[in-house]
Amino acid sequence: MNAIYFNETITKQPLKQGLLDECTFAVKDVFAVEGERNSAGNPTWYETHVPARQTADVIDQLRKEGATLRGFTHTDELMYSLNGENVHYGTPPNPLDENRIPGGSSNGSAAATIERDFTVGTDTGGSIRVPASYCGVYGIRPTHAAVSLDGVIPLASSFDTVGWMSTSSSVLKRVGDVLFDTMGSPFTQVIVDEMAWSFLAQDDQQILKEALAVVPTSQQQITENLADWASLFRNIQGMEIWQTHGAWIEREQPNFAPAIAERFQWASELNTACYEKLKMRQEQVTDYMQQQLLETDVLVIPTTASVAPRKNAPVQEVEDIRTKTMQLTCIAGLTGFPQVTVPVMRPDGLALGLSFIANKGCDRQLLHFVDEYFGGVR
């Protein structure tokens with residue numbers, strides 16, 4: 001089996017001509033394609049589900065603008081990981097260093113950007129942003145519910161989004177021009193969030209800040225206790241994940257990797273009686289951030305807490321990076337704000353991610369901003 005693709009032979013030609021003429025794209029193996037079955041990264045899922053009756057909305061939207069679909073890409077099991085290592089189908093290569101993980105769960109989509117003009121994945125807890133950062137490509141997690149999820153295997157409804165990646169900021173923007181109608185006012189303030197930057201090593205902070213020097217910035221403390229926010233995100237996500245997949249897991253008893261099995265077991269034990277209280281707290285966080293971040297402001301944070309970890313790194317090292325990274329990814333996750341990550345290369349050839357977060361519905365202007373000022377950063 002191809003290390004990047006679950007099924008490389010799937011091809012769907014364009015439905016019309018448009019902004020994406022001659023572009024090819026691949027999709028994460030969670031998007032419905034008429035007549036095909038998804039694995040969602042697990043053999044039991046593949047065996048217990050029938051071929052799709054129709055193709056996911058977003059795929060047809062892209063094909064109506066001239067794009068050609070070529071291939072399903074690998075994913076972590078049921079999208080519940082940020083590492084990209086799959087015990088059943090293997091680990092897609094990180095194009096920057098084969099000895100490092102690609103990040104998950106849209107790992108195959110990140111790796112496939114070297115072969116396609118753009119790739120499509122999903123992002124619930126960081127599954128576009130993390131692999132994009134680790135693999136040195138551009139990626140977007142859109143405003144929650146801004147892009148149709150019809151025909152996409154769900155994970156946690158409060159946070160699921162359809163995102164995409166590319167080695168080109170211009171192509172990333174063109175896809176956004178297809179999927180987003182509105183264009184807001186230009187940004188007038190770029191805010192560096194002090195707390196979020198504290199998770200990154202000093203040398204890596206300096207590399208990102210040098211890349212950021214092309215625009216004037218102000219340093220402010222916008223976010224609050226990110227450890228609390230990450231815990232809030234994790235608990236809501238876990239409850240919704242078990243609500244989504246718990247019955248199937250109990251019925252089919254799929255063979256999961258140990259780390260994935262532990263996460264599902266943990267999710268199954270959460271006390272759902274406090275779900276509504278947690279959702280109210282999420283609304284409070286969102287309201288707070290909407291007051292802090294105006295529609296002409298953009299917030300800048302590191303995408304992840306480090307470069308891609310090495311394969312088979314000590315468990316505690318990987319868990320430490322994951323914990324810090326979740327405190328970064330939860331900002332857009334909880335609020336539903338759009339986030340675009342920009343690749344910034346280190347002298348050693350590895351990549352860091354520089355992320356820009358805007359208020360809800362500002363996706364298109366965010367993509368245009370990134371393309372204008374950071375299109376040549378990589």
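Start by selecting serine 105, which is found in the loop between strand 3 and helix 3. Helices (H or I, at least four residues) and strands (E, at least two) are DSSP runs, numbered from the N terminus. A cis peptide bond joins glycine 104 to serine 105, with omega at about 0 degrees. Most peptide bonds are trans, and most residues other than glycine have a negative phi.

This is a predicted model: local features need pLDDT of at least 70, side-chain atom pairs count only at pLDDT 80 or more, and totals for chains, interfaces and linings use all residues. Residues are numbered from 1 along each chain as its sequence is written, and side-chain values use heavy atoms, leaving out hydrogens and water.

**Positive phi**

Stay in the loop between strand 3 and helix 3 and pick methionine 79. Methionine 79 is not a glycine, but has a positive phi of about 65 degrees. Is methionine 79 buried or exposed? Methionine 79 is buried, with a relative accessible area of 5%. Buried means under 20% relative accessible area, exposed over 50%, and partly exposed in between (1.4 Å probe, protein chains only).

Now go to alanine 40, in the loop between strand 2 (24-28) and helix 1 (43-47). Alanine 40 is not a glycine either, and has a positive phi of about 50 degrees. Alanine 40 is buried, at a relative accessible area of 0%.

**Aromatic pairs**

Rings of Phe, Tyr and Trp (its six-membered ring) pair if their centres lie within 6.5 Å; planes under 30 degrees apart count as stacked, over 60 as edge-to-face and the rest as tilted. How many aromatic pairs are there by this rule? The count is 14.

Select tyrosine 80 and phenylalanine 264: this pair is edge-to-face, with 5.0 Å from centre to centre and 70 degrees between the planes. Tyrosine 80 is in the loop between strand 3 (68-73) and helix 3 (107-111), while phenylalanine 264 is in helix 9 (residues 258-268), 184 residues apart. Tyrosine 80 is buried at 5%, and phenylalanine 264 is buried at 2%.

Next, show phenylalanine 159 and phenylalanine 233. Their pair is tilted: 4.2 Å centre to centre, 35 degrees between the planes. Phenylalanine 159 lies in the loop between strand 5 (138-141) and strand 6 (161-166), and phenylalanine 233 in helix 8 (residues 226-252), so the pair ties together parts 74 residues apart in sequence. Both phenylalanine 159 and phenylalanine 233 are buried.

**Charges over rings**

Select arginine 234 and tryptophan 266. The charged end of arginine 234 sits over the ring of tryptophan 266, 3.9 Å from its centre. A charge sits over a ring if NZ of Lys or CZ of Arg is within 6 Å of the ring centre and within 35 degrees of the ring normal. The charged end of arginine 37 sits over the ring of tyrosine 46, 4.0 Å from its centre.

**A ring cluster and its neighbour**

Highlight Phe187, Phe356, Phe369, Tyr373 and Phe374, which ring pairs link into a cluster. Then pick valine 298, in strand 9 (residues 297-302). Valine 298 is buried, at 0% relative accessibility. Leaving aside neighbours within four places in sequence, valine 298 is in contact (heavy atoms within 4.5 Å) with residues including Phe187, Phe356 and Phe369.

**Last stop**

Show helix 10 (residues 275-292) and helix 11 (residues 315-335). Their axes come within 8 Å and cross at roughly 100 degrees. Axes are lines fitted to C-alpha atoms, for helices over the stretch in contact, and angles run from 0 to 180 degrees between N-to-C directions. Gln282, Val285, Thr286 and Met289 in helix 10 meet Ile331, Gly333, Leu334 and Thr335 in helix 11.
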